[in-house]
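Student: I would like a close look at a single part of this model, with its surroundings described in a connected way. Please begin with the wider setting and then move to the detail.

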Amino acid sequence: MKIYLAAMVIIGWFALIAQFYITANLGVTPVPEMIVRYFSYFTIQTNLLLAVCYTVLLFSPGSAWGRFFSRQQTLAAITVYIIIVGLIYNTILRSLWNPEGLQKLVDELLHSVIPVMALIFWLVFTAKNQLQWKNILPWLIYPFAYIIYVLIRGFVAGFYPYPFINTMQLGLNKVMVNSVGIAVVFICMSLVLVGIGKSTDKNTPGK
């Protein structure tokens, strides 16, 4: 397990740092705005959350943060988030551009390799028999807060990290419909993971 965690930590931080380097060297916006935009992507936020989680679990599992990140509900929620990153990118966004070189490598790591590795880690190495259906609603707080943030900042700064939530191009009504659709995907994926957890619980000896 530690070797797998170490591999994910190395890959995760490499991808995040490399993407920051690429973004910084584009020179499209002033540095403060570039930094804000970098951290405005759900992909970056979620991969950062995952990297922090796995780093803490690897190096300090007995700490307060280690106990938080090792909770079944926390690990399942983070796994849902990173799976959604992979699903949305590979079904909606991949066809919109054609990265090359380092950007292509980083792109694949952030959107494909890490989500798959995270799912494998959750399936193989984590306990999940305490997951409950009621856990799903709190898991939606983060994506809901993210959408609110993006819409407010987009209105103020005119920057939207993803085309399907760009109110300037699509209008608020269409963006709301898209947001509801994404919320449904979050709920469905959460249901799948909790269902797996409950199946694990039923198959546990003594249950």
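**The core and the pairing of H5 with H6**

Tutor: In this predicted model, the largest nonpolar core comprises 57 residues, and those with the most contacts inside it are Met8, Leu50, Tyr54, Trp139 and Phe186. At least two residues of this core come from each of helix H1 (2–26), helix H3 (42–59), helix H5 (72–93), H6, helix H7 (136–139), helix H8 (141–157) and helix H10 (172–202). H5 gives the most, with 13 residues. Leaving aside residues up to four places away in sequence, Phe186 touches Phe42, Val80, Tyr81, Ile84, Leu140 and Pro143.

The part to examine closely is the packing of H5 against H6, where the angle is about 140° and the axes lie 9 Å apart. The crossing of these two helices, H5 and H6, is left-handed. By class, their contact has twelve nonpolar, five polar and one charged residues. On the H5 side, the residues involved are Leu75, Ala76, Thr79, Ile82, Ile83, Val85, Gly86, Tyr89 and Asn90. These meet Asp107, Leu110, His111, Ser112, Ile114, Pro115, Ala118, Leu119 and Trp122 in H6.

His111 is located in helix H6 (residues 101–125). His111 counts as buried because its relative accessibility is 9%, where the cut-off for buried is under 20%. Apart from residues up to four places away in sequence, His111 touches Thr43, Val85, Gly86, Tyr89 and Asn90. Among these, Val85, Gly86, Tyr89 and Asn90 are also listed on the H5 side of the contact with H6.

Methods. Residues numbered from 1 in each chain as written. Predicted model: local features only at pLDDT ≥ 70, side-chain atom pairs only at ≥ 80, totals over all residues. Heavy atoms only, no water. Helix = DSSP H or I, 4+ residues; strand = E, 2+ residues; numbered from the N terminus. Buried < 20%, exposed > 50% of the residue type's maximum accessible area, 1.4 Å probe, protein only. Contact = heavy atoms within 4.5 Å. Core = buried A, V, L, I, M, F, W, Y, C linked by side-chain atoms within 4.5 Å. Axes fitted to C-alpha atoms, helices over the stretch in contact; angles between N-to-C directions. Left-handed = near helix turned anticlockwise from the far one by under 90°. Nonpolar A, V, L, I, M, F, W, Y, C, P; charged D, E, K, R; others polar.
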